[in-house]
Amino acid sequence: MATPVPLRTGPFDGAGRLVDYWATVYRRTWRGSVISSFLVPLLYIVAMGVLLGGFIKGDPAKLEGATSYLAFVAPGMLAAQSMTTVFGEVTYPVISMIKWQKVYFSMVATPLTVADIVLAQLGFVMFRVATVSAVFLAVMAPFGVFESWSGVVAAFFVQLLLGLAFATPIFAFTAFVMNENAFALIFRLGMIPLFLFSGAFFPITNLSAPMEWFARVTPLWHGVDLSRQLVLGRLDASSALVHVVYLAVLAAAGWWLTVRNLRRRLVET
Amino acid sequence: MIRAVDLRKSFGGKDGDAVEAVSGISVDVGRGEAFGFLGPNGAGKSSTMRMIAAVSPVTSGELRILGMDPAVDGPAIRGRIGVCPQEDTLDTELNVLDNLYIYGRYFGLPRAEVRQRCEELLEFVQLTEKAKSKVEDLSGGMKRRLTIARSLINRPDLLLLDEPTTGLDPQARHVVWDRLFRLKQQGVTLVLTTHYMDEAEQLCDRLVVMDKGLIVAEGSPAELIRTHSTREVAELRFGIGENETVAPKIEDLAERIEVLPDRILLYTQNGEEAIAKVHERGLDPAMSLVRRSSLEDVFLRLTGRTLVD
Ligand SMILES: Nc1ncnc2c1ncn2[C@@H]1O[C@H](COP(=O)(O)OP(=O)(O)O)[C@@H](O)[C@H]1O
Ligand SMILES: [Mg+2]
């Protein structure tokens, strides 16, 4: 009867075994995500960038170097969309896998470890961020708002970093609180204010000094500013480096917390 | 296959307020055996099973599964065992086949191999027709069978089943028993928990009765009955309220007497003889019957009649 199951061959082997799970989930859910992931951001662009932006004079000095409001808001929307995509992926689906469907418990009953599970799920979240970002960039291209094509490619990868910097801390939060009512709180007090006040729609220098200072420490602003610098071809190496390091540190700290919190939920009981 | 020595499990803080779910149990399960943990709710059965499944760390004591230490070789142990947890952990939004398939992949088995095993196992648990149905739409019995099929996808040496038939209707239970019996015949080592006596009697070669985190008895079903109960039980019904007054007059007729609200139980080697003597004393029960002692009598004797939970 005994057929030895293969031993793991490397650090990504465990997560690789979960690819089929996530592919199956995506095959089932992608249609439902088309409207929220692909269409809504474009509606924002039409409404805010094209129609509302038509009333705003494109003064590059006031728009961080963008020649039109549309060119200013496009990278902001890109980064904000990466954030909202991540919020959706690591809140309700995660709590369901812990509490409602208990799918994680089926995973930890096999040779997979909690780190494998987290890695695979983050991989899936990155895939989601990558697809929505790629579609967004492709649709924006004909509007002539991008100044640097290498910058656009780099901005695409920045979305993955930004996505990770949001995904790991929120994933850790979800695994910690395990309470869907707490989501209302982080959506209303976290995601929406960040979305509105982190420089996606207007330069944060327009904010009052304490608000501006506050905006500068939010992760979304780092992502917005970095994305904007890149697509407008106005890269400032030292501030870009700060952005990258900030986001990477957040992602790493969040990773550590996620694995710890999820382990407490799944196996250390 | 399993060796546990003074195994303990506590939950909660390291300080005083910890709950001890398993308070020092020792068991040995050999290859090919069907072993049962029998006990009321809260006895510590699931906590024990989760330690054996190498997901829940041992608080103290020694535990070896397939010769390995779960604290060191967790993934290797989990690769060679099959687990059917007490609560379903199926992805109810995916279909039956997908649930089985993705689970097989977690063991690192090649895709073609997993597909073939899925087909065989769906056949084995009689779910071939349901392969494309969403798990959400399955009955409780079908979900259990799917969970059992899933636990067999890695062709385990050891199969752990935590309350495999709780909540199922009699037909569904018999189908599950039939499948488990076949596995047993194929030489799979089975370890199961239950609070159904008939399940324990049907499936287990050997079992332990657990109560409040401890093993209170151990043996084959027949041995347990022999050691902890009498051969027969005479059940007598007098009128309502009369049972208590009659009891002192007949308690010398049995090795042990139990007075329940609706009847008196006389535990004795010979039930007919005991009933005859009751009549000799001029007592006339409204109803009397003699039956063989069952595992249920042992269970109730050892774990009490008071309700837990
Ligand atoms: N994760 C947990 N945290 C705290 N207490 C637990 C946990 N799991 C089980 N217990 C407690 O341990 C005891 C034994 O539970 P369990 O092993 O589930 O018993 P059984 O499976 O025999 O019904 C119960 O008192 C239960 O409340
Ligand atoms: Mg239990």
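**Entry 1: a salt bridge in chain B**

I started with Arg291(B), which forms a salt bridge with Glu235(B), the closest N and O atoms being 2.7 Å apart. For the term I used a side-chain nitrogen of Lys or Arg within 4 Å of a carboxyl oxygen of Asp or Glu. Arg291(B) sits in strand S13 (residues 287-292) of chain B and Glu235(B) in strand S10 (residues 232-237) of chain B, so the pair ties together parts that are 56 residues apart in sequence. I took the strands and helices from DSSP runs, numbered from the N terminus (helices are H or I with at least four residues, strands are E with at least two).

My cut-offs were under 20% relative accessible area for buried, over 50% for exposed and partly exposed in between, with a 1.4 Å probe and protein chains only.

**Entry 2: ground rules**

A note to myself: this is a predicted model, where local features need pLDDT of at least 70 and side-chain atom pairs count only at pLDDT 80 or more, while totals for chains, interfaces and linings use all residues. Residues are numbered from 1 along each chain as its sequence is written, chains are lettered from A and ligands numbered from 1 in the order in which they are written, and side-chain values use heavy atoms, with hydrogens and water left out.

**Entry 3: more salt bridges**

I counted 34 salt bridges over all chains. One of them joins Glu180(A) and Lys99(A) through their side chains, at 3.3 Å from N to O. Glu180(A) belongs to helix H8 (residues 180-197) of chain A and Lys99(A) to helix H4 (residues 92-100) of chain A, so this pair ties together parts that are 81 residues apart in sequence. Glu180(A) is partly exposed, at 27% relative accessible area; Lys99(A) is partly exposed too, at 30%.

Asp88(B) is partly exposed at 29% relative accessible area, while Arg144(B) is buried at 4%.

**Entry 4: where the chains meet**

How many residues of each chain are in contact with the other? I found 35 residues of chain B in contact with 28 residues of chain A, taking contact as heavy atoms within 4.5 Å. Together the chains bury about 2900 Å², 57% of it on carbon and sulfur atoms. Buried area here is the accessible area (1.4 Å probe) that two parts lose on being put together, summed over both. Arg78(B), Thr89(B) and Tyr106(B) supply 22% of the area that chain B buries against chain A, more than any other three residues.

The rule finds 4 salt bridges across this interface. I checked Lys102(A) and Glu87(B), whose side chains meet in a salt bridge of 3.7 Å, N to O. On the chain B side, strand S1 (2-11), helix H2 (70-80), helix H3 (96-106) and helix H4 (111-124) each supply at least two residues that touch chain A. H3(B) gives the most, with 6 residues.

**Entry 5: rings in chain A**

My search of the whole structure gave 18 aromatic pairs over all chains. Rings of Phe, Tyr and Trp (its six-membered ring) pair if their centres lie within 6.5 Å; planes under 30 degrees apart count as stacked, over 60 as edge-to-face and the rest as tilted. Trp22(A) and Phe124(A) are a stacked pair, 4.6 Å centre to centre with 20° between the planes. Trp22(A) is in helix H2 (residues 19-52) of chain A and Phe124(A) in helix H6 (residues 114-140) of chain A, 102 residues apart. Both Trp22(A) and Phe124(A) are buried. I also noted that Tyr21(A), Trp22(A), Tyr26(A), Phe124(A) and Phe127(A) form one aromatic cluster.

Leaving aside neighbours within four places in sequence, Leu78(A) is in contact with Ser133(A), Phe136(A), Leu137(A) and Gln159(A).

Asn261(A), in helix H11 (residues 237-266) of chain A, is buried at 6% relative accessibility. With neighbours within four places in sequence left aside, Asn261(A) is in contact with Ala172(A), Ala175(A) and Phe176(A).
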